[in-house]
Amino acid sequence: MDIGIVMNAMRDPAGLPAQPIVFQVLMVITWVLHIAFVHLALGSAGLAIIAFHRRGAGPYWERLSFGLTKVAKVAVSLLIVLGVGPLLFTQVIYDPQWYTSNVLSGRWAIAFIFTLIVGYCCWFAFYQVNHAGAKKRIGLYAWSALALFFLDGLIMHALSYQELLPQQWTQWYAPAGDVDTRGASLHAIEWARYMFIMGLSVPGVGVFLLVYAQYFAGRTDREAAYLSFAHGLGQRIAQWGFALSVPTLLAWQADLPHASGLALHPVGWLLVAGLVAMAWWMHRLNPATHGYLPAAASIALLGLLSLWREIIRTAYLRPFGYDVYTYPVHFDWPSTFLFFITLTGIGGFVGGFYLLLLYRSGRVQNCYTAERPVARLGTGALAALGLWIAVFLAYGIAISYRDGFI
Ligand code: HEM
């Protein structure tokens with residue numbers, strides 16, 4: 001059996017509504033947002049736990065633990081929402097690989113959802129009881145949550161990695177010729193890749209603390225000494241976090257198949273250089289440097305990582321004759337138009353308004369009164385939302401009418 005022919009035959013016969021490159025680019029971009037919040041969630045959860053256990057070591061640890069517990073709570077919800085983007089795009093252009101991988105580890109794919117729910121509930125329990133004078137044993141909730149989040153990352157990793165190894169699918173599905181439909185195993189784990197991607201949570205929370213210190217510097221109720229503590233801690237964590245990510249990335253590089261030519265690919269080495277440069281920058285960080293700059297550079301680095309994942313995927317699948325650019329296209333202007341209008345109008349305009357509102361309101365201590373441009377943007381966002389709902393309904397009704405459903 002030629003697995004390449006099988007993979008191409010498993011493509012959606014309806015084809016794609018626009019060129020494959022559109023979905024590929026969107027997949028790479030949206031995964032950056034997903035993984036940024038994975039790093040923020042895991043990093044802030046880990047540091048919140050450490051800070052919780054260090055409450056007696058100084059005046060600011062407890063405060064930091066409360067703050068980061070809230071950050072992790074919000075970040076988990078955002079990583080879930082932002083995971084949907086790359087999930088949709090991967091399903092569109094890599095549907096044969098993604099679905100096969102999920103079916104081969106079906107029990108794990110389902111367990112992923114339940115463990116995520118239980119993990120998130122555990123974190124909420126910790127959030128509820130993490131107050132001044134809280135008992136040490138409540139840390140158990142937090143540790144359980146973190147362990148489950150790491151398990152979820154492992155499941156995500158295995159599903160992503162199994163996609164790349166179609167030559168082994170048959171053997172996993174029917175070991176020694178006996179069909180095993182249980183989906184009870186995670187068949188392939190590349191530990192270096194998993195450790196590297198998950199390990200970026202450490203510099204991630206370090207960089208976040210720099211942003212945190214910068215953001216609250218304008219608020220009179222946050223003492224300068226506390227913010228300087230957060231800044232110093234963030235700088236140290238980021239410096240060590242970036243430096244320690246280098247060996248795991250090199251281990252991943254060394255594990256790439258030799259014949260693929262990936263070991264010499266410039267993007268992989270650019271990533272290594274980027275990490276080294278970030279570690280060096282954090283080591284020499286000038287206290288006057290704007291706290292948002294390292295975050296911007298880190299996002300650029302995640303963009304490179306996302307691109308690197310895609311280059312790796314392409315190189316793994318090419319020998320089997322799978323190429324996303326040969327995916328059949330049945331151009332569908334209305335749905336493509338609606339999609340981009342939704343992305344820019346709702347995601348960009350309405351989402352941008354919410355972000356700006358949150359950003360501005362968090363900068364003042366008490367009640368926030370929106371400035372004129374923010375208020376106008378709010379009115380515009382509401383109008384855009386109304387228009388979008390109207391177009392969406394009108395389009396649905398028109399199609400249903402045309403097809404005789406109403
Ligand atoms: C605590 C929860 C989660 C963690 C720790 C996590 C972590 C990860 C990691 C580490 C990867 C990269 C794997 C690799 O390239 O080896 C990944 C990829 C991905 N994650 Fe998540 N994730 C979580 C939840 C979610 C959720 C809820 C969704 C969907 C709603 C999601 C969607 C995705 C997608 C689509 C990919 C890329 C798959 C591909 O490349 O084909 N993740 N995630």
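The second largest cavity has a volume of about 30 Å³. A cavity is found on a 1 Å grid over the protein atoms alone, as a set of points where a 1.4 Å probe fits but cannot get out; lining residues have an atom within 4 Å of a point. Grid points are joined across faces, edges and corners, and a volume is the space filled by probe spheres set on the points. This is a predicted model, in which local features need pLDDT of at least 70 and side-chain atom pairs count only at pLDDT 80 or more, while totals for chains, interfaces and linings use all residues. Residues are numbered from 1 along each chain as its sequence is written, and side-chain values use heavy atoms, with hydrogens and water left out.

Ser160, Glu163, Leu164, Arg193, Arg309 and Arg313 form the lining of the second largest cavity. By class, one of these is nonpolar, one polar and four charged; Ala, Val, Leu, Ile, Met, Phe, Trp, Tyr, Cys and Pro count as nonpolar, Asp, Glu, Lys and Arg as charged, and the others, Gly among them, as polar. The largest cavity has a volume of about 40 Å³. Its lining consists of Tyr94, Thr314, Leu317, Tyr322, Asp323 and Val324, which divide into four nonpolar, one polar and one charged.

Next come the pockets. A pocket is an open set of grid points with protein on both sides within 12 Å along at least five of seven lines. The second largest pocket holds about 830 Å³ of space. Of the 38 residues that line this pocket, Trp31, His34, Gly83, Phe112 and Met156 lie nearest its centre. The lining has 24 nonpolar, eight polar and six charged residues. Helices that each supply at least two residues of this lining include H2, H3 (59–93) and H12 (292–317); helices (H or I, at least four residues) are DSSP runs, numbered from the N terminus.

His34 is found in helix H2. Through its NE2 atom, His34 is the only protein donor of the iron atom of the ligand, at 2.2 Å. Donors are N, O and S atoms within 2.8 Å of the metal (3.2 Å for Na, K and Ca); water is not among the atoms, so sites may look incomplete.

Alanine 41 also lies in helix H2. Alanine 41 counts as buried because its relative accessibility is 1%; buried means under 20% relative accessible area, exposed over 50%, and partly exposed in between (1.4 Å probe, protein chains only). Leaving out residues up to four places away in sequence, alanine 41 touches Ala72, Ala75, Val76 and Leu79, where contact means heavy atoms within 4.5 Å.

What does the largest nonpolar core contain? It has 106 residues, and those with the most contacts inside it include Leu64, Trp123, Phe196 and Trp308. A nonpolar core is a set of buried Ala, Val, Leu, Ile, Met, Phe, Trp, Tyr and Cys residues joined through side-chain atoms within 4.5 Å. Helix H2 (residues 20–53) gives the largest share of this core, 17 residues.

Phe196 is one of the buried residues of H8. Apart from neighbours within four places in sequence, Phe196 is in contact with Ser245, Thr248, Leu249, Trp252, Leu271, Leu275 and Leu305. The helices against which the buried residues of H8 pack include H2, H6 and H12.
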